[in-house]
Every structure is written in structure tokens, then in C-alpha cells.
4 protein chains.
Amino acid sequence: MSQEKKYASIHYASYLGLDRVLDAQHPRSASTGKEAHDEMLFIIIHQVYELWFKQILHEVDSVMRIFSSETTEERAIDLAVHRLHRVNEILALLIKQIGILETMTPLDFLEFRAQLFPASGFQSFQFRKLEVLLGLKMDRRVAYTPYAYYREFSPDQQDEIRSLEASPSLFDRIEAWLERMPFLQIEDFDFEKKYLQAVSGMLERERQAIRQSDYLSEEEKNMRLKMNGDSDTFFANIFNPEFHGQQIAQGNIRLSYRAALSALLIQLYGSEPLLQLPCRLLNAIADMDEQLTTWRYRHAQMVLRMLGRKTGTGGSSGHDYLMETARKHQIFLDFHHISTLLIPRSELPELPPRLKALLGYAYRPSTP
Amino acid sequence: MSQEKKYASIHYASYLGLDRVLDAQHPRSASTGKEAHDEMLFIIIHQVYELWFKQILHEVDSVMRIFSSETTEERAIDLAVHRLHRVNEILALLIKQIGILETMTPLDFLEFRAQLFPASGFQSFQFRKLEVLLGLKMDRRVAYTPYAYYREFSPDQQDEIRSLEASPSLFDRIEAWLERMPFLQIEDFDFEKKYLQAVSGMLERERQAIRQSDYLSEEEKNMRLKMNGDSDTFFANIFNPEFHGQQIAQGNIRLSYRAALSALLIQLYGSEPLLQLPCRLLNAIADMDEQLTTWRYRHAQMVLRMLGRKTGTGGSSGHDYLMETARKHQIFLDFHHISTLLIPRSELPELPPRLKALLGYAYRPSTP
Amino acid sequence: MSQEKKYASIHYASYLGLDRVLDAQHPRSASTGKEAHDEMLFIIIHQVYELWFKQILHEVDSVMRIFSSETTEERAIDLAVHRLHRVNEILALLIKQIGILETMTPLDFLEFRAQLFPASGFQSFQFRKLEVLLGLKMDRRVAYTPYAYYREFSPDQQDEIRSLEASPSLFDRIEAWLERMPFLQIEDFDFEKKYLQAVSGMLERERQAIRQSDYLSEEEKNMRLKMNGDSDTFFANIFNPEFHGQQIAQGNIRLSYRAALSALLIQLYGSEPLLQLPCRLLNAIADMDEQLTTWRYRHAQMVLRMLGRKTGTGGSSGHDYLMETARKHQIFLDFHHISTLLIPRSELPELPPRLKALLGYAYRPSTP
Amino acid sequence: MSQEKKYASIHYASYLGLDRVLDAQHPRSASTGKEAHDEMLFIIIHQVYELWFKQILHEVDSVMRIFSSETTEERAIDLAVHRLHRVNEILALLIKQIGILETMTPLDFLEFRAQLFPASGFQSFQFRKLEVLLGLKMDRRVAYTPYAYYREFSPDQQDEIRSLEASPSLFDRIEAWLERMPFLQIEDFDFEKKYLQAVSGMLERERQAIRQSDYLSEEEKNMRLKMNGDSDTFFANIFNPEFHGQQIAQGNIRLSYRAALSALLIQLYGSEPLLQLPCRLLNAIADMDEQLTTWRYRHAQMVLRMLGRKTGTGGSSGHDYLMETARKHQIFLDFHHISTLLIPRSELPELPPRLKALLGYAYRPSTP
């Protein structure tokens with residue numbers, strides 16, 4: 001039996017397509033007759049990034065399918081959480097990986113940088129695709145050049161991006177799933193009303209703590225009271241559908257009123273069996289958002305160090321542009337802001353027994 | 001011989017003062033009769049931070065002593081680099097450590113947060129001291145409350161901070177050491193002149209690459225040329241003592257003209273034996289600056305997640321304040337900007353043999 | 001109001017007991033008149049380890065309480081998993097932390113090592129306590145000196161260790177909890193029988209794959225068949241209570257037959273809502289066991305590098321002793337071995353509908 | 001101008017060969033009609049490993065070239081250290097990366113494991129090549145199957161491996177470089193003699209410390225004295241060329257007598273300018289050796305967890321085999337053992353001024 005056929009059937013090298021993967025490194029500096037040693041690192045680390053992006057897309061796609069249908073089964077949420085955790089492990093690695101690129105000195109980079117022009121990381125189709133899938137909207141993008149970012153891609157890729165931008169993102173699907181949640185109002189239990197009562201009680205206690213402090217000067221007390229006053233207003237407003245609507249209209253908030261309420265319910269009662277998975281899901285998404293932001297910061301820092309104030313090969317302003325994306329390309333910010341609304345367990349409204357039972361398991365130690 | 005005396009002389013526990021260290025955890029929530037399980041983590045992780053701050057101060061102090069004298073010996077620079085590497089290892093750990101605090105949910109934090117008021121991380125004397133030692137100037141500080149930050153500390157601590165602010169910082173000492181460097185002008189070698197000649201040659205080649213590109217539209221070419229034009233201007237300006245002086249006056253730059261020249265020389269000829277250590281030193285400082293910035297970002301993210309838009313127990317605006325410090329409290333930014341001035345080795349002016357010899361070792365294989 | 005009282009009530013420094021924590025570093029080399037710079041690192045890193053050990057004990061204690069009672073509530077398992085995850089985050093940090101100690105060169109260590117004798121890490125009471133709580137039995141301990149390890153501790157500490165060794169460990173409590181699991185036999189569903197049928201079917205298919213391989217030589221096929229034969233025997237044996245009993249008697253296995261069965265059921269059907277938490281619990285314990293083992297290896301490597309073949313200040317053989325503990329002090333090995341018994345989902349016996357329903361949530365979209 | 005040609009010249013995607021790299025993932029489970037979701041991760045993570053192996057080989061090759069010639073220039077050693085640091089950064093990432101594979105549960109692995117048989121990681125040509133380049137000798141290899149490991153590879157690959165095994169490895173080249181070091185005996189300075197005098201003085205002091213201890217029982221004192229006696233003997237022996245020769249003959253040691261002496265000199269006087277780079281080189285090699293060992297351990301743990309006592313698809317005993325390689329495939333063990341011979345700086349023989357000057361820089365502040 002021939003080596004080839006044998007390999008084709010079962011060898012490690014053929015299974016992994018190593019003939020192609022390990023033959024795709026062609027330093028351009030070699031063509032100049034004087035190969036720059038570090039260009040190999042530059043090529044390989046970017047190929048590794050793209051491989052991981054493919055894996056992340058594989059996971060995110062499967063998570064989006066789980067939240068595509070009208071009825072999302074709990075069993076499936078367990079899977080979604082598991083896969084988002086994997087994405088987060090990968091993102092943590094990609095952040096650490098920047099440290100390897102930083103073993104290349106700015107001088108070593110300059111040995112071949114001119115060869116790259118005008119290729120640029122902005123041309124990574126998979127990363128753009130990921131941003132769109134997660135929910136980065138065109139109108140929130142920081143423009144790094146005077147012309148639209150589509151032109152970096154082939155016609156087919158442009159069509160794919162455009163159609164993805166026209167379809168519901170992960171953000172949209174999670175929002176829809178939250179809006180479908182049935183527990184905001186069950187029989188005589190009105191979560192919104194109960195919660196607002198609890199909040200005002202708590203805020204009153206906080207105001208007293210300030211007034212009675214023997215550490216703060218009068219001036220400071222007033223400052224603190226004003227601050228709490230603000231958050232009081234905020235609490236009141238956030239639960240005012242009209243105000244919330246205005247905030248969305250002004251682009252300060254994206255998450256719908258009802259979805260925000262459900263997210264809050266989940267965070268507050270996340271230890272009830274039926275809400276444990278939804279709670280872990282929201283945390284996994286917040287983790288992912290946080291890691292992506294960290295990755296952008298580290299990337300910006302690395303560029304600052306490598307290039308100082310030089311412009312990127314793609315023509316961007318380099319560091320400053322990347323820092324701006326780190327701030328403006330954050331997608332799930334509203335999920336972090338839910339924390340603003342949390343209150344101590346001791347202040348939590350008791351759930352009615354009937355609801356508590358519904359949120360538990362079918363099995364009871366008393367059962368068979 | 002008594003257990004006590006024996007221990008006093010040599011036991012692990014007495015050597016580490018564990019009786020005190022492990023008896024310093026007193027959750028305030030316990031006093032309310034209902035101890036919050038996670039307050040222990042909150043206390044211990046902050047104590048660990050403070051222990052590491054003490055270690056970092058121990059290393060930074062020793063590095064500052066090395067650069068205090070008029071003549072800094074090479075042997076000593078090796079030590080300084082070694083200790084800054086240690087500081088960077090510690091900072092990397094402190095960044096990772098934030099992940100442990102993030103295992104505390106916002107709800108668990110709220111169980112005891114009210115007890116902490118008005119104590120706050122802003123009251124960490126060691127961290128303030130570190131910032132001042134490294135070179136964070138009062139006028140660059142982001143104010144988080146209407147009143148000066150001194151009042152957080154005891155009178156003695158206030159005096160110590162003020163006297164440190166009045167003495168040369170690590171930034172000042174490194175700058176002075178760079179200014180003392182003797183190699184900018186040796187006999188007929190004038191680094192500044194040679195370098196500027198090399199730069200203009202390189203920029204001309206870059207402009208040609210843009211003009212001849214068959215990928216860019218005319219519009220884009222002009223944009224690129226304008227950008228390079230800018231960096232051309234920048235190159236010209238940075239080496240204009242007057243312009244540099246204005247930049248310093250306006251607070252855009254801190255590093256003196258001569259120090260910047262030396263730093264550039266070191267980066268460009270860092271492979272010469274005598275310049276290897278200075279080069280590693282500048283990189284270690286840039287690493288430290290980068291890590292401190294990363295730590296601030298991660299800290300800000302963690303606060304966003306824990307509190308959303310709530311105000312800090314210390315009365316700051318929380319997340320927004322911390323993000324601003326991450327941007328404005330960076331101390332060694334000018335050292336990153338040196339990269340703007342780097343050019344490929346192929347463009348580097350040759351060093352005269354006499355200077356090259358001086359930068360080498362006394363020993364020559366030919367010698368003994 | 002006096003500075004003191006004010007601080008006593010609320011300042012960051014007093015809350016954290018920094019006056020004691022930051023005053024507990026007394027390098028012994030200082031007494032020789034020539035302080036070794038790196039002894040400070042040696043002291044502080046060990047104090048940090050002890051602080052984290054206290055935190056780990058705080059979490060492990062709470063987990064043990066959860067599994068102390070006859071009836072462990074699901075809500076509580078969620079908490080146990082959450083806290084074990086925290087322990088694992090901490091252990092990951094402690095492993096990384098070894099890298100900081102490795103910034104101390106062997107020569108720098110020798111500057112003060114003689115001062116430490118005969119103090120030693122073996123005298124860490126908290127670490128011993130942790131080992132005992134988790135379930136490390138006296139008879140499995142590697143002896144590092146001719147005399148028992150108790151004598152390192154004060155009489156009170158010795159009593160505490162002895163009483164802990166006499167009480168149920170975390171291993172014992174998890175085992176008991178697994179034995180209590182009600183799902184091995186419900187009505188006509190006999191997990192053990194169903195599983196064994198599935199296994200024999202799968203093994204037969206594997207044997208065929210080997211026989212039909214056109215890659216393997218006859219010799220290799222026989223070898224493979226023999227290997228599988230072995231695991232076949234193993235499968236058969238593991239589910240033979242007598243054989244299992246012998247293995248326990250010989251000290252090859254610790255986990256009881258019934259507990260092993262429950263652990264297997266949990267791993268195989270871990271996606272059923274009611275089994276999700278138990279499954280995450282077993283994984284968290286396996287993680288913890290793996291991390292502790294990694295920590296021991298890294299510790300042993302660090303000692304090898306620092307001391308080579310020198311003996312430890314405590315009188316142990318240093319590296320070799322630590323390597324042996326890494327192998328023999330692993331406590332939850334049987335939980336890793338469960339994987340030997342896993343089979344593909346496609347081979348899994350279907351659960352009877354009645355049982356499937358019991359393992360689900362009380363709430364059904366159809367319900368209210 | 002056509003899309004293709006344009007891209008061929010300069011686009012990110014063509015530069016990185018993404019058409020090939022991202023088209024090389026073909027899960028075999030797909031052919032069964034039921035694709036296992038996690039096989040994609042399994043493929044991609046192994047491709048990433050292979051890409052990094054290629055990068056590591058790129059760096060190790062360049063380091064070996066540096067040490068191939070009779071005269072290794074200091075400037076070049078700086079480069080070697082820099083590139084070994086990069087290798088170590090990469091290895092640290094590969095260790096962390098195992099955590100990502102561990103997000104795949106044993107059950108998920110079983111979904112496609114049967115498809116892989118008999119492919120196996122043992123068939124990674126690049127990893128075998130790396131082991132051989134570093135210096136892993138055929139006779140030290142742990143055999144995982146009855147037949148030689150060559151047969152896993154194509155005829156060309158087998159030839160390459162065999163010729164590499166016949167050429168000097170990195171170990172051999174570093175050893176030769178150490179043997180060439182000229183400083184063991186310069187004029188009247190005989191390092192070996194001076195060092196042995198210092199050692200005996202130090203050992204005598206240690207023996208006294210034991211005898212005078214009021215903590216140890218007589219029995220313990222004798223034990224300690226015996227131990228030190230041993231290390232005394234060891235010290236004496238290691239510097240006995242005949243004994244050293246026997247140790248090599250018995251395979252307990254690999255590093256030649258003269259090379260070991262030079263390595264010791266470098267470690268002891270590593271702060272002298274000319275020895276700083278050699279010292280950093282030895283540390284970088286020790287780091288690499290330590291990381292490779294850690295990687296093997298983590299790999300073994302991961303396999304234990306994934307498969308328990310199952311045999312590997314390649315036919316090895318899985319976990320036990322990997323653990324054995326972790327112990328026996330360590331290549332630079334002798335470099336760690338140098339630490340056994342280190343003594344405190346206070347005990348170090350003073351270098352004669354003439355030698356001290358030779359080890360310094362040509363430039364003296366007094367010079368020009």
C-alpha cells in the first residue's frame with residue numbers, strides 16, 4: 001500500500017493537513033535577498049490568530065443557532081455556556097500571545113515592515129465577521145480611513161458581511177431571549193414593582209449612613225448625598241419606559257427595557273435552579289466582552305511600543321485609532337451596567353412559594 | 001528549652017511573623033452578626049496587594065539608589081535591569097490576580113460593601129508612594145474628589161509624600177543618566193547629524209513606494225503622502241531643540257532633548273556590548289510602564305462589572321475615574337515614543353571603528 | 001476626633017490591619033550587618049502563600065460544611081462549585097507565582113539561606129491542614145525525615161491535625177454524597193446492567209476496527225487486541241464488587257464501588273438539568289487535584305534549579321522528595337480514572353422517560 | 001488590475017496564505033454524517049501547536065548556527081539569548097494552551113476519537129526533530145511501542161532525523177563552547193584550585209552550625225552531618241576528573257568535566273560584564289529545559305483526565321508513558337545541577353585585577 005494512500009487514510013500529518021499549513025510561510029523579505037529573521041514570527045503568529053478566530057467563529061455560530069429559535073431549551077443553554085467558556089479561554093490565550101509578538105524589537109520589525117505595505121490587520125475578514133456576529137453596528141464603528149471598510153474584502157466577502165449586518169446578531173438574539181422570559185410577572189408577582197420598593201428602602205438607609213457619618217465634613221456629606229441622589233434618580237429613571245426609550249434613541253443604551261428587567265431578575269435570583277444557567281450565560285457574555293476589550297487595549301499598547309506615533313501600514317493612525325476602538329467597539333456594555341441596579345440579598349423581595357417551586361427541579365427528595 | 005524561644009529563633013512560622021499576618025483578617029460584616037463569606041477574600045486579596053506593593057517599593061528603591069550617583073557603574077545597571085524584571089513579573093501577577101476578585105459576584109460584594117464606606121483603595125499609601133517615586137507629578141493627577149489626595153493619609157505620611165514629590169523621581173534620575181551619556185559626540189562622530197541624514201534618505205524611499213503603488217487610488221496616495229509628510233515634519237521638529245522645548249512647556253513631552261537623543265542612540269546601537277545593558281534597561285522600564293497601564297485598565301473593567309455606574313465607596317465616579325487615570329497617569333510615555341524615531345538597521349550610519357572598539361569588551365580573543 | 005479612632009472606625013489601612021501585615025518582614029540577614037536584598041522577596045512571597053492558604057481553607061471549610069449533612073441541597077452544590085472554582089483560580093495564581101521566586105538566582109539565595117536553617121516550608125501548618133482536610137492519609141504520606149511530621153508543630157496544632165485526621169475529609173464526604181445518590185436504580189432502570197451491555201457492544205466494534213486496519217501489521221494488531229483485551233478485562237473487573245474490594249484493600253483504589261458508579265452516571269448523563277451541578281462539582285474537584293499536582297511539580301523544579309542536589313534546610317532530600325510527593329500525594333486520582341469508563345454518547349443507554357422527567361425542572365413552558 | 005494579482009502582491013490574506021491555512025480543517029466525524037462539534041477544536045489546536053513548533057525550530061536553528069563555529073562572538077550570544085527568551089515565551093503559551101483542550105470533556109472527545117486511530121501525536125515530525133536538535137539521544141528515549149519510532153515518518157523524514165542524530169546537537173555545541181572558554185586558568189589564577197579551597201572552608205562552617213544547634217537532637221545532628229558529609233564527598237568527587245568520567249560512562253552525567261567547570265565559573269562570576277551574556281545564556285537554556293518538562297507533565301495530566309487508563313490511539317500506555325518521558329527526556333539536567341556547586345558570594349575567591357580588567361569593557365569613564 002502506498003505511503004500516500006496510507007497517510008491519506010490516517011496519519012497525524014494528513015489528518016491535520018500539515019503539508020498545507022506548514023508550507024504557508026513565505027517571508028517577503030526573502031525576495032529582497034536578505035531575509036529578516038523575525039518575519040517568520042510575524043507570519044506565524046498572525047496565522048495562529050486566524051486559526052483561533054476560526055475556532056471562535058465555530059463556537060459563536062453554534063451559540064447563535066441555540067438562540068435562533070423561539071424556544072431555547074435549558075439543556076441547550078448549558079451547551080452555550082460551555083462553549084462561551086471555551087471562547088473565553090481562547091481569548092485569554094490571544095491576550096497572552098501579544099507578549100510573544102513583543103519579543104520582536106521595533107528595530108527588528110522595521111527590517112521587513114516596508115514589505116507589508118499596504119497589507120494590514122484591518123483586512124482580517126474573520127475578525128470583522130466576528131465583530132458583526134456579536135453585534136457591532138456599522139454606525140458605532142470608529143472609521144480608521146476616509147473610505148468604508150468593505151473595500152478591504154473580496155466581493156463575496158463584502159456580500160457576506162453585508163448580509164450578516166442585516167441579520168440578528170448575538171446581541172439581538174440574547175435580547176430577544178431575555179424578552180421572552182416568562183417570570184417577570186407570574187400570577188400576583190410583579191417583579192418590577194417589588195424591586196422598586198426594595199430599592200427605595202435601601203437608598204434611604206444609605207442616605208442616613210452619610211448624614212450620620214462622623215468622618216465626613218458637611219461639604220462632603222452634601223456631595224455624597226447629591227451623588228446618591230443622582231443614582232436614586234437613575235434608579236427611578238431606568239425603570240421608566242419612556243426615559244429608557246429616550247436613552248436608546250440617543251444611543252446611550254441598546255438593551256430593551258424588558259430585556260434589562262429580565263437580566264436583572266436573573267442576576268438577583270440566579271441561585272434558583274432554573275435561573276442558574278441563564279445567570280452563568282450572562283456572566284460568560286460579560287467575560288467575553290471584557291476579554292475582547294482587554295485584547296484591544298493590549299493590542300493598542302503593543303502598537304504604541306512598536307511604532308510610537310508612526311502610522312499603520314493600513315494607513316490608520318495606529319495607536320490612537322486602536323485605543324478608540326477599545327472604548328467604542330464594546331458591544332455588551334449594557335450587560336455590565338445591570339450591576340448598577342443590584343441590591344444586597346438582604347434587601348431582596350421574597351419569591352412567592354409557587355414561583356420558587358416552579359424554578360426548582362421536578363425531583364424532590366420526598367419523591368419516589 | 002521552651003517551645004517559644006525555640007520558635008523565636010528558627011521556626012518557619014516565627015520567621016514569617018505568621019502570628020500577626022494570619023491574625024489580621026477581621027471581616028466587618030461579622031459585627032453585624034451575619035458574616036458575609038466573601039469579605040474574607042476581599043480582605044486577603046487587598047493584603048496580598050499591599051505585600052506585593054511593599055516588595056515593588058523595595059526593588060524600586062534599590063534601583064533609584066543605583067541611579068542617584070553622578071557615575072552609574074555598568075555592573076549596577078545589570079542589577080537594576082534584573083530587579084525591574086522582577087517588578088514586571090510581580091505586576092503581571094497582580095494583573096492576573098484581578099481575575100480572583102472577579103470570582104466574587106456583584107451581589108456577594110453588596111453583602112458587605114456598605115460596611116466599607118468611606119474606606120477606599122485611594123487610601124493605599126504604598127501605591128501613592130510608588131506613583132510619586134516613579135514620577136507621577138501632582139499636576140498630572142486626575143482629581144477624583146474636590147479635595148487634595150493628601151488628606152487620606154496621616155500627618156507623617158503626608159510629609160513623606162510631599163518630600164518625595166520634592167525629590168528627583170525615577171523618571172528624573174533616568175533622564176539625568178541619559179543626559180550624562182558620553183557617546184552622542186565622540187571626536188568627529190556627531191550622532192544627531194548622521195542620524196538626520198539617514199532619516200531623510202529613508203523617508204524619500206517611503207514616499208516613492210507610495211507614489212508607485214498600483215493598489216492605492218490617487219486620493220489615497222495623497223492621503224498617505226500627507227501622513228508621511230507629517231511624520232517627516234515630526235522627525236525634523238523633534239530634533240529641533242526649540243520645538244522640543246515648546247512641547248515640554250506645553251506638557252506634551254517630559255523627556256529632555258538630550259536624554260531623548262541618548263535613548264535613541266541606545267535603541268539604534270543596542271547590540272554593541274556596552275549599550276546592551278542600557279538598552280535592556282530602557283525596555284524594562286517600558287515594560288513596567290505598560291504593565292502598570294494594563295493593571296489600571298483591568299482594575300477599571302473589574303469595577304465597571306462589580307458596580308456598573310455606582311459611585312466608589314471613596315466617593316469617586318468609579319469606572320470613569322479609573323479609566324481616566326489609565327490614560328493620564330502613564331509616566332514613561334516618552335520612552336515608547338522613541339520608537340517613532342527608529343529606522344531600519346540597513347539605514348543606520350556606520351559607527352567609526354574607534355567608537356566601536358570603545359563600546360566592546362577589554363578582552364579580545366587575541367589578547368592573553 | 002483623634003486620627004486613631006477615626007482610622008480605627010473606617011480607614012483602608014486599619015480595615016486591612018496593614019500596621020501588622022506590613023510590619024512583619026524582618027530579614028534575618030540584617031542581623032549579620034549585611035542585609036541580603038533578596039531575603040525580603042523570600043519573606044513576602046511566603047507570607048503571600050500563607051495568606052492564600054488561609055483563603056483556600058476558608059473556601060474548603062465552607063464546601064465541607066455543605067457536604068456534612070445527610071441531605072445536600074442542590075442550591076448548596078451551586079455554591080460549592082462556585083467556591084471550588086475560586087480555589088482553582090487561586091491555585092493557578094500560586095503556580096504562576098513560583099516564577100517570581102525564580103527571579104532570585106541560586107547565588108542570591110545563598111546570601112541568606114544559612115540563616116534559615118532549620119526552618120522549612122514543611123513547617124507550614126496551613127498547608128498540612130489543607131492536605132488533611134482534602135483527604136491525604138498519614139499512611140500515604142512520603143516521609144521526608146526519619147521522624148513524624150507532627151513534631152514540626154506546637155502541641156495545639158498537633159492536636160488539631162490529629163483530630164482532623166480522625167474526622168471525615170472532603171474525599172470522604174464527597175464519597176458519602178455519591179453513595180447517597182438515588183438514581184442508580186429507579187423502578188426498572190438498573191444503570192449498572194444497562195451500562196455493561198453498552199460497553200461490551202462498543203468494545204466489540206473497537207476490536208473489529210483493529211482487525212480490519214490495513215495499516216497495522218499482524219504483530220501490531222495482536223498487540224492492540226491484547227491491549228483492548230486488557231481494558232475489556234478492566235471494564236469487567238471494575239464492576240465486580242469483589243475485585244473492587246480487593247483493589248481498595250491493596251490501596252490501588254480509594255473510592256467505594258457505589259460511589260464510583262454514581263460518579264460514572266453523573267459524567268455520562270451530566271447534561272440532564274439535575275445532574276449538571278453534580279457534574280460541574282466533580283470536574284471542579286478534578287481541576288483542584290490537577291492544579292495541586294502541578295503546583296508540586298513546579299515547586300520541585302524550582303528547588304532543583306535553586307539547589308541542584310543540595311539538601312533542604314528542613315533536612316529533606318529536596319527535589320527528589322518533592323517529586324515523590326507530586327506523584328504520591330495526589331488525593332482524587334480515582335476521580336480522573338472515571339474517564340476510563342466513559343463511552344461515546346452514541347453508545348449511551350436511553351434513560352426511561354419517567355427518570356428523564358425527574359431529572360428536569362419543575363417548570364415546563366406548557367405549565368403556568 | 002485583477003483582484004487576484006492585486007491580492008497576490010499585498011493583501012493580508014495572501015501574505016498569510018489564509019486560503020490554505022483556513023481550508024485545512026476537515027473533521028473526519030463529518031464523513032460519518034454526524035459531525036462532532038469539538039473535532040474542530042482538536043484539529044485547530046494541533047495545527048496551532050505545529051505552527052509554533054515551526055517557529056521554535058526557526059529560532060533553535062539560528063541559535064545552533066551561532067554556536068556552530070569555533071569562535072562565537074559576544075554580539076551573537078546576545079542574539080542567542082534573545083531568541084531563546086522568545087522560545088521560552090512560546091513554550092509558556094503552549095503550556096497554557098493545554099487548558100483550552102481541557103475545555104473538551106472526555107465524553108466529547110469520545111464522539112470522534114475512534115476516527116483518529118491509529119494517528120497519534122507521536123507522529124509529529126517537528127516535535128521529534130526538536131528533541132533531536134536539542135540533544136535527546138536515541139538510547140535515552142522511552143520506547144512507547146515495541147518498534148522504533150522512525151517508522152512513523154516518511155523515508156525522507158527518517159533520513160533527516162537519522163542525519164540530525166548523527167550531527168552535534170545544541171547540547172553538544174554549548175558544551176564545546178563552554179570547553180573553549182579561556183578563563184579557567186589565566187596566568188597564575190587557577191579557578192578549580194581556588195574554588196575547592198573556598199568550598200572546604202564553607203562546609204566546615206556548615207558542620208559547626210549543625211553541631212552547635214540547640215534545636216536538633218543528637219540523632220538529627222548526626223543525620224545532618226552525614227548528609228553534609230555526602231555533599232562534601234560529592235563536592236570532592238565532582239572535581240575529580242576520573243570520578244566524573246565514571247559518572248559519564250554510567251550515563252548519570254552528560255556534561256564534560258571542563259564544560260561543567262566553565263559553567264560554574266560563569267554562574268559564580270556572572271556579574272562581570274564579559275560573563276553577563278554567557279550567564280544569561282545558561283539561564284535561558286535552563287528555563288527552556290524546565291518549560292519543556294512542565295509541558296510534558298501538563299500533557300500527561302491532560303491525557304490522564306481525558307482517557308483515565310485507556311491506551312492512546314497510537315498504541316502507547318497513554319498517561320504512564322508520558323509521565324516517564326517527562327522524567328527521562330529532560331536534556332539539560334546537568335545545567336540545573338551546577339547549582340549544587342554554588343557558594344555564597346561572601347565565600348567567592350577574589351579575581352586577580354588583571355583578569356577583572358579583561359572581563360570589563362574597553363571604555364573607561366577616564367578614557368577619551
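Select D:Arg305 and C:Glu290. In this predicted model, the two residues form a salt bridge, with their closest N and O atoms 3.3 Å apart. Now show the rest of the interface between chain C and chain D. The rule finds ten salt bridges across it. Polar contacts join 18 residue pairs between these chains, counting residues at pLDDT 80 or more.

Next, colour the helices of chain C.

Select the whole contact. Chain C brings 59 residues and chain D brings 58 residues. About 5,300 Å² is buried between chain C and chain D, and carbon and sulfur atoms give 54% of that area. Which residues of chain C lose the most area to chain D? Select C:Leu107, C:Arg305 and C:Arg309: together they account for 14% of what that side buries.

Now superpose chain C on chain D. A rotation of 180 degrees does it, with 0.0 Å of shift along the axis and an RMSD of 0.0 Å. That is the relation of a two-fold axis. The same surface serves both copies, as 98% of the contact residues of chain C recur in chain D.

Last stop: chain A. Switch to a cartoon to find its 17 helices and two strands. Of its 368 residues, 64% are buried. Show the surface of chain A: the accessible area is about 14,000 Å², with 53% belonging to carbon and sulfur atoms.

Conventions. Residues are numbered from 1 along each chain as its sequence is written. Chains are lettered from A and ligands numbered from 1 in the order in which they are written. This is a predicted model: local features need pLDDT of at least 70, side-chain atom pairs count only at pLDDT 80 or more; totals for chains, interfaces and linings use all residues. Side-chain values use heavy atoms; hydrogens and water are left out. Copies are superposed by least squares on the C-alpha atoms of residues with pLDDT of at least 70 in both. Contact means heavy atoms within 4.5 Å. Helices (H or I, at least four residues) and strands (E, at least two) are DSSP runs, numbered from the N terminus. Buried means under 20% relative accessible area, exposed over 50%, partly exposed in between (1.4 Å probe, protein chains only). Accessible areas come from the Shrake-Rupley method with a 1.4 Å probe; for residues, only the protein chains shown count as cover. Buried area is the accessible area (1.4 Å probe) that two parts lose on being put together, summed over both. A salt bridge is a side-chain nitrogen of Lys or Arg within 4 Å of a carboxyl oxygen of Asp or Glu. A polar contact is a pair of N or O atoms within 3.5 Å; within protein, one must be able to donate a hydrogen and the other to accept it, and residues adjacent in sequence count only if both atoms are side-chain atoms.
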